[in-house]
Amino acid sequence: MKQSITLGSVTKFIGLAGFLETIKNVFTGKLDKEDLKNIFRKVIMPLASVLLFFAVWYLGANKLHEIEADHLINKALVEQGPAEAEKLRACIASGDKSCQPNALPSPVQVWGAYQTLLADHYLISADKKAFIEKTAAINEKRIANGEKPITYTGRPSFVDQIFTSIITVFAGFLLALFIAVPIGIVIGLSPTLRSSVNWLIQIFKPVSPVVWFLLVFMIVKTFTKNSSSDSAFIICFISVGLCSMWATLVNTAMGVSSVDKDYINVAKVLKLGPMQKVFKVILPSSLPLIFTGLRITLSVAWMVLIAIELLAQSPGLGLFVWEEFQNGANDSNSKIIAAMFVIGLIGFMLDRIMLTIQKMVSFNKND
Amino acid sequence: MAYLELNNIYKTYGQGDNITEVLSNINLTIEEGEFVAIVGFTGSGKTTLVNLINGLLEPTKGEVLFKGEPVIGTSHERGVIFQNYSLLPWLTVGQNVYMAVKEAFPKKSKSDLQAIVAEYVDMVNLTPAINKRPKELSGGMRQRVSVARALAMKPEMIIMDEPLGALDALTRGNLQDEILRIWGKDKRTALLITNDVDEGIYMADRIIPLRPGPRATLGPEFKIDIERPRDKTALNDNPNFKKTRNAIIEYLMDIGNERKSQIQKEYALPDVAPKSFVW
């Protein structure tokens, strides 16, 4: 019983509740006309759209591949003569990896890339583990002598990059939280302050993540001049934080400034002090809006993170994508698409987590 | 000296050309221990009047005296029961009342405060719901929480702004009795704002109609000489009740008609006649 409850809450959490519930009804035989409609809407149509997506992707990729191949063969014909062109055509048709044109990978290739990436991850993890075991004795001695221990400096695997990205996005998100919420509250409480900094918010809000990165780089560079540590991570998370905090700032200010007049009257009639008024009436009543802002902030943070990691050369998914693009190996494109799906899924999960928290703090909910 | 005194109160909203005078030349005195009801149409400025008395608003002209002192801001001596309950939705019933009690008696210990909360929540028969949030309660229960919150602060005067306006007739009747019972227990001064003449007659010692705004002003008072405790069913056969009720309603109808005739405009209608479809 307990397991089915958790399963139910999990499916509800990822938004699949209707889908699974309907499938369950099919198997338990609880069917009536309404259910048939539900099956059509919640099972058949979503599955059909998934199939359609893959079909379009597959056919499109094949077509693009064909065009690229023709182009290559024509080029060989003009530059190297018919014999070479015929050889190339045979090579492409045989599926040999060495001569495939560079085009949009098909779903099958992307699936292959996933497996390569996972295998790669296991390889690197094993290597890392072996390294740690090997250096354990030496490190102990080094620490005892007051020296720095030797750390593993090998290439990070795809899975490592995912975790680095998540850590960076949370660092940026926390920064946004600690800047935007207090400032938002102060701005929300004071109409004078609000109108005096409004221009600043309106101008900085739409600035592109690339420009934020450059701005942060200009400033952080000066501070980290004498430090030997890697400043890429710092620049990266600060840019992410600054770029994504505006939604929270605006929402907090709006929530605080638009508290229901009834609640303010209650605070007046009870004669609450100014601090108590803020903490017991204004803040609780604006929490739902603040959390809506935080949810937007987290999704924006995740979205800009990829671009900023790429620019900052900070390890993570963004850098992974960029390096694969620069790499230009025959499976690079597949790996990029694989990373795209991972990025999308993680973004979706982050949004769901925030939605759940948002629902928990909302007092207007009707369930 | 009167307990509460309103002297030549004027209240205007807006400025310049957009100025509207909502209340005009309001004079009212309430003695200690009295239960006074003010009856008026919706939109006649009743809530403005109540907010002037509880201190949420300041009069444009004139003065509000409470026990001889001018009213500046709100005070714990005057408890308010709002029209729309105004409970804080993120707090439970107990917490809503506790917050008020804590403000009213800052020096008392936590357990004392809890005891007061329990006492007043019990008084409005909400002990089983003490840990529920307002959205889980019905309208009548919410208003009872609001009553408990106002009374738990032990105010010397209770100001009620259409407290039962949004409730159905049955809940309304029960709550009227509950408020009367609580009021009768320690005879606090009470001011009830309502749009229901019967409610006013059932509950109050005096009824004062508010002539509708803009420029609302108080009409002549009607004394209710019916002995307490009043019986709602017997009230209908009481000749005194009928007489007062008719007098008040007649008065309100008169001013209503008067107002209608004042705002009546002549509309020029086109000279058309319905076409006949009969051949």
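Contact, as the word is used here, means heavy atoms within 4.5 Å. By this criterion, 19 residues of chain B are in contact with 17 residues of chain A. The structure is a predicted model, in which local features need pLDDT of at least 70 and side-chain atom pairs count only at pLDDT 80 or more, whereas totals for chains, interfaces and linings use all residues. Residues are numbered from 1 along each chain as its sequence is written, chains are lettered from A and ligands numbered from 1 in the order in which they are written, and side-chain values use heavy atoms, with hydrogens and water left out.

Between chain B and chain A, about 1,800 Å² is buried, and carbon and sulfur atoms give 65% of this area; buried area is the accessible area (1.4 Å probe) that two parts lose on being put together, summed over both. On the side of chain B, the residues that lose the most area to chain A are Trp90(B), Met99(B) and Glu103(B), which together account for 31% of what that side buries.

Chain B itself is divided into domain 1 (4-77 + 155-263) and domain 2 (89-154), with bounds that come from an automatic or database domain assignment. The centres of domain 1 of chain B and domain 2 of chain B, taken over C-alpha atoms, are separated by 26 Å, and the contact takes 15 residues from domain 1 of chain B and 15 residues from domain 2 of chain B. About 1,200 Å² is buried between domain 1 of chain B and domain 2 of chain B, 66% of it on carbon and sulfur atoms. Within domain 1 of chain B, the most area is lost to domain 2 of chain B by His76(B), Pro155(B) and Ile182(B), together 39% of what that side buries. Between domain 1 of chain B and domain 2 of chain B, too, the count is zero salt bridges.

Over all chains, the whole structure holds 15 salt bridges. One of them joins the side chains of Lys67(B) and Glu156(B), at 2.8 Å from N to O. This pair links distant parts of the chain, 89 residues apart, with Lys67(B) in the loop between strand 4 (61-66) and strand 5 (69-70) of chain B and Glu156(B) in the loop between helix 4 (139-152) and strand 7 (157-161) of chain B; helices (H or I, at least four residues) and strands (E, at least two) are DSSP runs, numbered from the N terminus. Lys67(B) is partly exposed, with a relative accessible area of 32%, and Glu156(B) is partly exposed at 30%, where buried means under 20% relative accessible area, exposed over 50%, and partly exposed in between (1.4 Å probe, protein chains only).

A further salt bridge connects Arg172(B) with Glu199(B), the closest N and O atoms being 3.3 Å apart. Here Arg172(B) lies in helix 5 (residues 169-186) of chain B and Glu199(B) in helix 6 (residues 197-203) of chain B, 27 residues apart. Arg172(B) counts as buried, at 13% relative accessibility, and Glu199(B) is buried, with a relative accessible area of 3%. The side chains of Glu221(B) and Lys223(B) also meet in a salt bridge (3.5 Å, N to O), and a network of salt bridges links Glu34(B), Arg206(B), Glu221(B) and Lys223(B).

Methods. A salt bridge is a side-chain nitrogen of Lys or Arg within 4 Å of a carboxyl oxygen of Asp or Glu.
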